[in-house]
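Take a moment with the view below before reading on.

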Amino acid sequence: MLTLLMGWTALDDALFDESTNQGLREALPDVAIAAFELLTHLGDGAALIVFATLLYWFGTESRRRKRALVIAIGLGALAISAGMKGIFLRPRPELADGYGGYSFPSAHAMGAAAFYGALAVVSNIGTRVQRYVVAGVVIFLVALSRVVIGVHFVGDVLAGVVIGLAFVALILRTDDPEPGSVFALSGVLAFGAYLLGSREFTTLTIGAALGATGSWMYVRNQPADPRGAALLVLAAICLPVLIALRFVFGAVPGHWVLEIVGYAAATGAIIAAPLVAERLNDWPPVVWLQRRLPFSGRVLDPDQVTSR
């Protein structure tokens with residue numbers, strides 16, 4: 001038992017040794033460090049939300065369910081990360097002076113593993129090997145960037161990647177998982193983390209899970225074929241509302257009910273957007289804009305091209 005304990009302590013020291021961060025920074029030229037400071041944004045929560053939303057909105061109708069599943073898996077990873085951070089409360093490396101939040105596990109690494117890993121599985125672009133290689137490279141670069149810029153230990157990013165990929169494997173172990181169930185699971189995980197004392201984005205995740213679950217249950221069996229211009233116009237209308245909500249959250253801190261309701265409304269709107277946007281297809285501003293866009297339809301998937 002003593003030998004096992006000593007071995008675990010040595011492993012913990014190796015994985016959470018700040019000298020590794022310092023050594024990497026000293027070994028890399030300034031241009032490489034600057035590149036990693038840019039690459040790390042591929043794992044930003046905001047960037048992943050934007051990527052997932054665009055893929056969901058501009059994907060073919062036949063693959064809308066799979067696109068929703070990618071969003072659901074990303075939300076679940078956020079719930080797991082938020083819960084673990086708020087429970088372990090592990091401080092960041094000293095190099096991350098002024099960088100908020102907790103260190104373990106890396107939310108960037110976990111989010112990247114969950115999002116890009118899920119996308120590689122459900123997408124039909126290229127071959128499976130090509131998708132897995134690209135996803136693996138992106139995940140590795142995001143994880144490495146967190147160590148290089150000094151905001152996470154090696155153990156943080158390893159845990160994030162392993163848990164993120166394990167969550168993808170758990171959800172996608174069946175051929176056709178239901179996105180609504182994964183959205184609901186994300187809410188349960190976030191609520192459980194909140195009860196255990198975590199306050200790391202738990203209200204955000206609870207609200208987003210509630211909104212996504214309700215919205216998906218409403219739209220899942222309703223086909224939608226909005227023009228690209230209709231989606232763009234709808235986004236332009238809704239964006240000021242979302243920005244206003246963000247300012248409200250900042251001005252009224254601590255009102256967790258307001259945060260849950262606001263994030264539920266925002267996420268629900270994202271899921272319902274294709275159905276709502278379709279009703280704007282024949283609106284004159286949409287028709288005018290569609291004629292001036294560099295694409296005639298809205299589809300990104302190679303297996304279907306709309307005639308609009």
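## Two helices side by side

In α5, the residues R65, A68, L69, I71, A72, I73, L75, G76, A79, I80 and G83 meet P179, V182, F183, S186, L189, A190 and A193 of α9, where contact means heavy atoms within 4.5 Å. By class, this α5 contact with α9 comprises 14 nonpolar, 3 polar and 1 charged residues. The two axes lie 8 Å apart at an angle of about 10°. Therefore α5 and α9 run roughly parallel to each other, a label for angles under 35 degrees.

This is a predicted model, in which local features need pLDDT of at least 70, side-chain atom pairs count only at pLDDT 80 or more, and totals for chains, interfaces and linings use all residues. Residues are numbered from 1 along each chain as its sequence is written, and side-chain values use heavy atoms, leaving out hydrogens and water.

## Helix α7 and its neighbours

Helix α7 (residues 128-148) reaches 30 Å from its first C-alpha to its last, close to the 30 Å expected at 1.5 Å a residue. Its buried residues (under 20% relative accessible area, 1.4 Å probe, protein chains only) include R131, A135, V138 and I139. They pack against these four helices:

| Helix | Residues |
|---|---|
| α2 | 18-27 |
| α3 | 30-39 |
| α6 | 107-122 |
| α8 | 154-171 |

After α7 comes G150, with a positive phi near 85°.

## The whole chain

The chain has 13 helices and 0 strands, taken as DSSP runs (H or I, at least four residues; E, at least two). Of its 308 residues, 46% count as buried.

Notes. Axes are lines fitted to C-alpha atoms, for helices over the stretch in contact, and angles run from 0 to 180 degrees between N-to-C directions. Angles under 35 degrees count as roughly parallel, over 145 as roughly antiparallel, 65 to 115 as roughly perpendicular and the rest as oblique. Ala, Val, Leu, Ile, Met, Phe, Trp, Tyr, Cys and Pro count as nonpolar, Asp, Glu, Lys and Arg as charged, and the others, Gly among them, as polar. The expected span of a helix is 1.5 Å times one less than its number of residues. Buried means under 20% relative accessible area, exposed over 50%, partly exposed in between (1.4 Å probe, protein chains only).
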